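This briefing sets out the architecture, the core and the ligand surroundings of one protein. Please consult the sequence and the structure alongside the text.

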Amino acid sequence: MYNQVFREFEERQQSFKNRKLCTTVLIMLSRRTILISGLRSILRQVGSVMFGDAHNYERFMGRWSEVAAPLFAKFAGIPDRGKVLDIGCGTGSLALAISGSCPLCQVEGIDLSREYIAFARTRTKNSHVRFQTGDAQKLPFATGTFDAAVSLLVFNFIPNPARALSEARRVTRPGGSVSAAVWDYGEGMRMLRIFWDAAGALDPSAERLDEKYMPLCRKGELSELWARGGLQKVGELPLEITMKFENFDDYWDPFLLGQGPAGAYVKSLPKPRISALREEVRKRLGEPRGTFTLPSRMWAVRGETTRG
Ligand SMILES: C[S@@+](CC[C@H](N)C(=O)[O-])C[C@H]1O[C@@H](n2cnc3c(N)ncnc32)[C@H](O)[C@@H]1O
């Protein structure tokens, strides 16, 4: 449901942007001053979507995935050697953390975003780590290819998570493990919780975009999916990281980069409302003057595929 609401919101933004683009192009054409490079840059802007800019994603959330990845990899209990699949690998933080701690593992990362995959490839020359584009709901791997499948902060974004889980299970060998983690958006993920509480207080229409309505982000939801999906020995745990911010701008500025549901929401607002939201968030953070920290909790699940 949440993903559908958000997609409708994105489509409205996109059609608004397309109208703006058409007007811009028509004006440029009529003045006969159109430059190919200028058009390319406009098209790039129009094409930018929630997960469309790797550098901005890194600044906004990727930096926290890097902190979360080793903790989650430890929870997932990656074997000392063998093949590991990172589903929704994004810019590559988890795949790289696994290959760093498990030099004998062959890690494959797969993600829908071409931009993120291109960025992930630039982060390593290690032939034991490979990245490719693809859909978690239709994995391009043979049955039983992997010893473990992992997925960090992705399952809540997948339209049909049961299908993705069934695919993860299919490509994992019997007796292998399938693990995933999702932010606890409703409560324990303080960075986004404070943002959405402030947004909802100023704008009632922000409420329905609040990531607390994401599927699979509450205690017990992932493990229920795993159990229904036929995984064995299912276990769920909260995993917590500490987000350290240099100052308020270090917290706030990445929200202006258009990444993720929060970034896309900010991007949809006119400037005065962005300023008002900034002030509301700052107030709710206690008007920090220097460094500050926020705890952030994920729910993590692990299960095993049935032995043949
Ligand atoms: C919040 S990001 C997490 C990325 C990465 N795992 C990390 O921790 O930084 C969510 C990722 O899920 C990917 N994604 C969403 N739906 C997907 C699908 N159906 N198949 C593969 N990747 C998907 C997005 O492209 C995005 O990279």
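Strand 5 and strand 7 pair in the antiparallel sense, joined over 7 bridges; two strands count as paired if DSSP finds at least two bridges between them. The model is a predicted one, in which local features need pLDDT of at least 70 and side-chain atom pairs count only at pLDDT 80 or more, while totals for chains, interfaces and linings use all residues. Residues are numbered from 1 along each chain as its sequence is written.

**Overall composition**

- The secondary structure of the protein comprises 11 helices and 7 strands; helices (H or I, at least four residues) and strands (E, at least two) are DSSP runs numbered from the N terminus.
- Of the 308 residues of the protein, 40% count as buried. A residue is buried if 20 or more other C-beta atoms lie within 10 Å of its own, exposed if 12 or fewer, and partly exposed in between, with C-beta atoms placed from the backbone.
- Among contacts in the protein with a separation of 6 or more, 77% are between residues 24 or more positions apart. A contact requires that the C-beta atoms of two residues, placed from the backbone, lie within 7 Å.

**Strand 5 and its partners**

- Strand 5 (residues 172-183) is mostly covered, with 9 of its 12 residues buried.
- Strand 4 (residues 146-152) runs parallel to strand 5 and is joined to strand 5 by 6 bridges; Leu-152 stands opposite Ala-181 in strand 5.
- The chain passes from strand 4 through helix 6 (residues 161-171) to strand 5 in a right-handed β-α-β crossover. Right-handed is the term used if, with the strands pointing away from the viewer, the path from the first strand over the helix to the second runs clockwise.
- Val-182 stands opposite Trp-299 in strand 7. Leaving aside neighbours within four places in sequence, Val-182 is in contact with Leu-153, Phe-155, Asn-156, Leu-216, Cys-217, Leu-222, Met-298 and Trp-299.

**Glu-304 in strand 7**

- Glu-304 is found in strand 7 (residues 292-304), and Glu-304 counts as buried because 21 other C-beta atoms lie within 10 Å.
- Glu-304 and Ser-179 are 125 residues apart in sequence, yet their C-alpha atoms are 8.6 Å apart in space.
- Beyond neighbours within four places in sequence, the contacts of Glu-304 are Gly-175, Gly-176, Ser-177, Leu-231, Gln-232 and Lys-233.

**Nonpolar core**

- Leu-94 and Val-182 touch the most other members of the largest nonpolar core, which has 79 residues. Helix 3 gives the most to this core, with 9 residues.
- Such a core is a set of buried Ala, Val, Leu, Ile, Met, Phe, Trp, Tyr and Cys residues joined through C-beta atoms within 7 Å.

**Strand 2, helix 5 and strand 3**

- These elements make a right-handed β-α-β unit: strand 2, helix 5 and strand 3.
- Strand 2 and strand 3 run parallel and are joined by 5 bridges; Val-107 stands opposite Val-129 in strand 3.
- In helix 5 (residues 114-122), the buried residues are Glu-115, Tyr-116, Ile-117, Phe-119 and Ala-120. The buried residues of helix 5 pack against helix 3 (54-76), strand 2 (104-111) and strand 3 (129-133).

**Ligand surroundings**

- Of the 22 residues around the ligand, those that come nearest are Ser-65, Gly-88, Gly-90, Ser-113 and Ala-136. Helix 3 and helix 4 (93-101) are the elements that give two or more residues to this shell, and helix 3 gives the most, with 3 residues.
- The shell divides into 12 nonpolar, 8 polar and 2 charged residues. Ala, Val, Leu, Ile, Met, Phe, Trp, Tyr, Cys and Pro count as nonpolar, Asp, Glu, Lys and Arg as charged, and the others, Gly among them, as polar.

Notes:
Near = placed C-beta within 6 Å.
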